[in-house]
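Trainee: I would like to learn how to read a sheet, a chain contact and a domain contact. Please show me the model.

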Amino acid sequence: MNRRNFLQVASATGLVIPYWGLVPLANAQSAGYTGKILINVHASGGLDASSWCDPRETDPRMNNYAAAGTPAGVAGNIRYAPLGNNASFFQRFSNQMLVINGVHSETNGHGDGTRAHATGRLDMGYPNISELFASVHGKQLPMPWMNSGGFAVSAGLVAPTPIPNANNWRALISPNSASATQDFLKEADLLKVQAAQAERAKAQIAAGVAVPRAQLAAQQLGGASDSRAMLARVAQFTPATFDTFAQAHVGLIAAQAGICSTIQLSSGGFDGHSNLANGYANALPRLTDMVTYVFDKAATLGLADRIVLRIYSEFGRTPLNSGNGKDHWAVGSQILMEANPAWGNRVFGASGPRHEQLKIDPATGAVDPVNGIVMRPRHIHAALRQYLGIQTNDPKFNLKVPAAETFDLFQPDCQDRLPESLTTRFSGTSTGTWATMCPFSICAEPTRSNECAARQNSRENSSNP
Amino acid sequence: MRSKAEFTRKLIKSLNRQRANAIRIAVALAALGASAAAVAADLRGFVSNGPEGLLLFQACNGAQLAQQTMKINDKTPDEALTTGTVAVREIMLDSGRPLYVEFRGDVAGPVATARQFQRAIGHVETCTAAPREAAATRLLASGEDPPWRFVATATAARLEWPGARPVRFPGAPFKASAADGKARVYDAWSPQDGGTIHIEFVEEMCSDGRSETAYGARVTLRYGSRSFEGCAARF
């Protein structure tokens, strides 16, 4: 197998091979990636927040389950809609998740919403957070950003690698494999051919007889061989058969082999303009089952502690329309997940009774109609960039979030007011204090840390002229 | 010399005769075409974007999609059909796929001329999945916040919104608005349920920007002290 054949296989499988996967010898020989693995899950179509993690169970115009008198479910501090497999999903993962409600997408369009939530900005030209993460953590890897849906336009930092199906994956990492058990050529014969090719290239370079172009070709052949060796390392992690969620499975294998740092997945069926309940009866379990699979599989592959997962959609949805469906609505929700986060079991932000946009206190996540700020994708991304250590100084990619608008998503000790979920349950309002509003022991009022107070002061100072 | 002039004269005479015949044939064909084009009908089907801004149309014949693709000649006021399809594509999922449309117009050969845009819907995937209105429906208007719907035939009409009993009206004619020649109005009184209704229709593209639907008219409806705004798909 020479470089030409290798590239032919790659192009036949529809894969984009990043140039640094073929050329730089030093990079190809580097160790595999062992840091955090960012997984973005795009719930495609516009996921209805009140069918998900911002339930509305008293207004029959909002949901069929409300009309039927079915109450919302509660898992820890998190409330969820009584639909699909939500109950088992939220009960299992509530301690691992931060629910962010009331995020204003700034658009009702699918394309724009997909881009805004992937990049943090409605404007074009910003990098997908997967791309930014890959450019910081693992740019030297053969396939740092593996993608199977959602926004995949590169801002020029790293190209996405479309996640191939199982057969193409096998063809790429092990081009000599005809199947899981059969090879095209005898392995020994292939190794002899490859060794002869390498010797000849090395001899040509050593003799100095080759013209510069031929020397470059010989070096590239060497680079391709090394990169192939790195891909071949993946073969040891590749099973004979793939799981139901094959794209997620392939991505996790790539992460396990250390050739990938971020995976982008998609789960569709949420554009429910008519008979929403019927469509969501399939779409919601498909989404929750896929995320459950990711965590289960990651655990068996020894990756569970490295996963940071985000579930988002283009926007939210309106109350029920005359076709028993729901139309586009800019305000929606997101969920962030990790294995054992200090920031889990929390709800940050809120939306109105019919998912109207509300102003949110950036420090506490509580509703603050006077001094609060409308939470937009850029705020989530600014907080995520900081949390993941992928801030960039490139002015082109500046999210333009003033210091006064820094949302403390990952600082639970700053959340010294009653979470929106509990205020809605007990009083129907999001104002008040823990002591007066919350009757249970889980509502013990926390103490603000010095760090949190300092950040709040800094925010207030920067907002003063 | 003489024979050459004679030949030229005969040639010109022959050409004139041929030209006259061609004109006669063209006039006859035009008359035929005009009589065919004069039949306006409610058309429904799918539009897709063709080259150089062309809109291509495949009609729904009942549950079946027609094999023939026609060019749409948009003669709706302010090209409402074209702007409506653009508005829907801006917010729909997979915006390149064919878009379901309903319009009033006529078909002549490979060209469908649209005269009145009724509605375009982004999330309809087949002819059978498209919403069907009763053939007798003369007026069909709806809106949100709160959701409401007004349907009228030649003999009866009905206003519906959640939490209230439907209000029934007798049939009533369209009239041109006294205040605005562009608008048409519909006035009626309900002898069974009480109350008067006043509806104004303005024929222009109307979209709420969130239902992946654009309509051919903007509607304001007043019933008693209540006021509703929305769009109309039949008017």
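Trainee: In what order do the nine strands of the open sheet of chain B stand?

Mentor: Some conventions come before the answer. This is a predicted model, in which local features need pLDDT of at least 70 and side-chain atom pairs count only at pLDDT 80 or more, while totals for chains, interfaces and linings use all residues. Residues are numbered from 1 along each chain as its sequence is written, and chains are lettered from A and ligands numbered from 1 in the order in which they are written. Strands of a sheet pair through backbone hydrogen bonds, either parallel or antiparallel. Here the order in chain B is β10-β9-β8-β7-β17-β16-β13-β12-β11, with antiparallel pairing. Strands are DSSP runs of E with at least two residues, helices are runs of H or I with at least four, and both are numbered from the N terminus. Two strands pair if DSSP finds at least two bridges between them. The edges of the sheet are β10 (167–170) and β11 (175–176) of chain B, each pairing on one side only.

Trainee: Which strands are joined to β16(B), and by how many bridges?

Mentor: Strand β13 (residues 196–202) of chain B is joined to β16(B) by six bridges, and β17 (residues 226–234) of chain B by seven. Both pairings are antiparallel. On the β17(B) side, Cys231(B) is opposite Arg218(B). β16(B) and β17(B) make a hairpin with two residues between them, and Gly224(B) in the turn has a positive phi of about 60°.

Trainee: How many residues of β16(B) are buried?

Mentor: Five of the seven residues in β16 (residues 217–223) of chain B are buried. A residue is buried if 20 or more other C-beta atoms, placed from the backbone, lie within 10 Å of its own.

Trainee: How many residues does each chain give to the contact between A and B?

Mentor: Contact means that C-beta atoms, placed from the backbone, lie within 7 Å. Chain A gives 14 residues and chain B gives 15. On the chain A side, β10(A) has the largest share, three residues. That side divides into one nonpolar, ten polar and three charged residues. Ala, Val, Leu, Ile, Met, Phe, Trp, Tyr, Cys and Pro count as nonpolar, Asp, Glu, Lys and Arg as charged, and the others, Gly among them, as polar.

Trainee: Which helix gives the most to the side of domain 1 of chain A that touches domain 2 of chain A?

Mentor: Helix α9 (residues 212–235) of chain A does, with six residues.

Note on methods:
Contact = placed C-beta atoms within 7 Å. Buried ≥ 20, exposed ≤ 12 C-beta atoms within 10 Å, placed from the backbone.
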